[in-house]
Amino acid sequence: MPLSEQEQRLLDEMERNLYRNEADVVAPRAPRATNARRVVVGCLLAVVGIVVLVLGVSTQLLIVGVGGFALMFVGVLMALTQPVSGHPADAFAGPAGGVAQGGRTGARRGFMDRMNDRWDRRQDERP
């Protein structure tokens, strides 16, 4: 059953208001880009740390075991975390140093950002 004109206008108005007020509700967050090289090096460090830990336990050398555990811990941290920049605003900086729209740059745009852009283009094309 199709909507009447009044219902359609009311629905359109509600969508516009929701879209307009959405920015107040959702706080921007830094894009999380994974660095494959960092993940691989972190995993390799973790594996080497496990080997050194087992070697230290088998030879009963406490310092070798502690060193292996520390190496494993650093490797896991390296693989799971991102490097911290000097300034908090750098997380939102675009390629020219300015703040990118929505905190995302061209190649780093997410699925929802692309869908929102498509929705906006469709709404702009409507009479």
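**Group meeting: charge and nonpolar patches on a helical chain**

Good morning. I begin with Arg 114, which lies in helix H4, the helix covering residues 111–125. Please bear in mind that the structure before you is a predicted model.

Arg 114 belongs to a group on the surface: together with Arg 118, Arg 121 and Arg 122, Arg 114 makes up a patch of positive charge. Is Arg 114 itself buried, partly exposed or exposed? Its relative accessibility is 42%, so Arg 114 is classed as partly exposed, since that class lies between the 20% limit for buried and the 50% limit for exposed.

What share of the 127 residues counts as buried? The figure is 11%. The accessible surface of the protein chain amounts to about 10600 Å², and 63% of that surface belongs to carbon and sulfur atoms. Turning to contacts, I consider those between residues at least 6 apart in sequence: 58% of them join residues at least 24 apart.

Phe 69, Phe 73, Val 74 and Leu 77 form a nonpolar patch on the surface, and their accessible area together is about 390 Å². One of these residues, Phe 73, sits in helix H3, which spans residues 62–80. With a relative accessible area of 48%, Phe 73 is partly exposed, because the class of exposed residues begins over 50%.

Finally, I come to salt bridges. How many are counted in this model? The count comes to one salt bridge. The partners are Glu 5 and Arg 9, whose closest N and O atoms are 3.8 Å apart; this pair qualifies because the cut-off is 4 Å. Where do the two partners stand relative to each other in helix H1? Glu 5 and Arg 9 are four residues apart in helix H1, residues 5–25, so about one helical turn separates them. Both ends of this salt bridge can be described by their accessibility. Glu 5 counts as exposed, because its relative accessibility is 63%. Arg 9 is likewise exposed, with a relative accessible area of 52%.

To summarise, I have described a positive patch that includes Arg 114, a nonpolar patch that includes Phe 73, and a salt bridge between Glu 5 and Arg 9. Thank you for your attention.

Conventions. Residues are numbered from 1 along each chain as its sequence is written. This is a predicted model: local features need pLDDT of at least 70, side-chain atom pairs count only at pLDDT 80 or more; totals for chains, interfaces and linings use all residues. Side-chain values use heavy atoms; hydrogens and water are left out. Patches are made of residues with over 30% relative accessible area and no salt bridge: like charges are joined within 9 Å, nonpolar side chains (Val, Leu, Ile, Met, Phe, Trp, Tyr) within 5 Å. Accessible areas come from the Shrake-Rupley method with a 1.4 Å probe; for residues, only the protein chains shown count as cover. A salt bridge is a side-chain nitrogen of Lys or Arg within 4 Å of a carboxyl oxygen of Asp or Glu. Lys and Arg count as positive and Asp and Glu as negative; His and the chain ends are not counted. The place of a charge is taken as NZ of Lys, CZ of Arg, CG of Asp or CD of Glu. Helices (H or I, at least four residues) and strands (E, at least two) are DSSP runs, numbered from the N terminus. Buried means under 20% relative accessible area, exposed over 50%, partly exposed in between (1.4 Å probe, protein chains only). Contact means heavy atoms within 4.5 Å.
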